[in-house]
Amino acid sequence: MKEKLSLLISLQECDSQLVKLSLKKIKLPEKICKMEEDFRLYKENVEQNKRKYDELKAQRAECESTVKKLSEGMIKTKERLLEVKNNKEYQAMLKEIETSEKTRGDIESRIIALMEEMDKLAVLVKKDEETLKQAESNHEKEKKIIEDDLSAVDADTLTWTEKKAVLQKCIPADLLAQYERVKKRNNGVGVIPVWKAVCNGCHMNIPPQLYIELQRSNDLLSCPNCNRIMYFQNQEESA
Ligand SMILES: [Zn+2]
């Protein structure tokens, strides 16, 4: 009888491992997704200065292009000045040149301010890039560990399934049916250790007489509360 019990304990180990593995198969890809999303948000946050820098760079390019257009416009206006016939038109064109010059001056001041701000940001961007590089390397390492874990799941599942099939053949059909029935009703656990008169499954006390019997008898005994097949295990020794 003790031999049957030890077969059942091994079978329980297989079943428990297979449950763990099937959970891993669901949870690990979810964990990877979550890590990717967290890293994406982190990266977006770290890259704030870079985005600001690029924005300012675009503004600067736009300002420079405006300055160029204004300068070209002024050259043309000055050329036309030489051909002007009447005074009123001449005055209007001088006014136009004056306005353009004022605008160009303002934009040039803006360009200088932008460049100063960009210089300050460039220092931060460089620091951020280093921070991000380090974080990315850590992220990849952590992800690799989980991916390796995940890729081992299929092989491990196969190993435990094969082991289970061998055990199932060695256990009498009626006992196997009893185990499956109890297991189904008890969250996948059909065989349970008992120590200090407490069932490790339902955590209820085993009556003293039954506890003594469990340690002495060769019969398969069930927990009166949860019906799981019990075995005595000295948890101080096994720990
Ligand atoms: Zn119990």
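This is a predicted model: local features need pLDDT of at least 70, side-chain atom pairs count only at pLDDT 80 or more; totals for chains, interfaces and linings use all residues.
1. Confidence. The mean pLDDT of the protein chain is 95, and 99% of its residues score at least 70. Among the elements, strand 2 (residues 198-199) has the highest mean pLDDT, at 97. The lowest mean, 81, belongs to helix 6 (residues 235-238).

2. Helix pair. Helix 2 covers residues 48-81 and helix 3 covers residues 87-170. These two helices pack with their axes 8 Å apart, at an angle of about 160°. Angles over 145 degrees count as roughly antiparallel, so helix 2 and helix 3 are roughly antiparallel to each other. Their crossing is left-handed.

3. Make-up of the helix contact. Where helix 2 meets helix 3, the contact residues comprise 19 nonpolar, eight polar and 13 charged.

4. The model has an open sheet of four strands, in the order 2-1-4-3. Pairing within this sheet is mixed. Strand 2 and strand 3 (221-222) are the edge strands, each of which pairs on one side only. In general, strands of a sheet pair through backbone hydrogen bonds, in either a parallel or an antiparallel way.

5. Strand 3 and strand 4 (residues 229-232) run antiparallel and are joined by two bridges. Ser-222 has Ile-229, in strand 4, as its bridge partner.

Note on methods: Residues are numbered from 1 along each chain as its sequence is written. Axes are lines fitted to C-alpha atoms, for helices over the stretch in contact, and angles run from 0 to 180 degrees between N-to-C directions. Angles under 35 degrees count as roughly parallel, over 145 as roughly antiparallel, 65 to 115 as roughly perpendicular and the rest as oblique. A crossing is left-handed if the near helix is turned anticlockwise from the far one by less than a right angle, and right-handed if clockwise. Ala, Val, Leu, Ile, Met, Phe, Trp, Tyr, Cys and Pro count as nonpolar, Asp, Glu, Lys and Arg as charged, and the others, Gly among them, as polar. pLDDT is the predictor's confidence in each residue, from 0 to 100. Two strands pair if DSSP finds at least two bridges between them.
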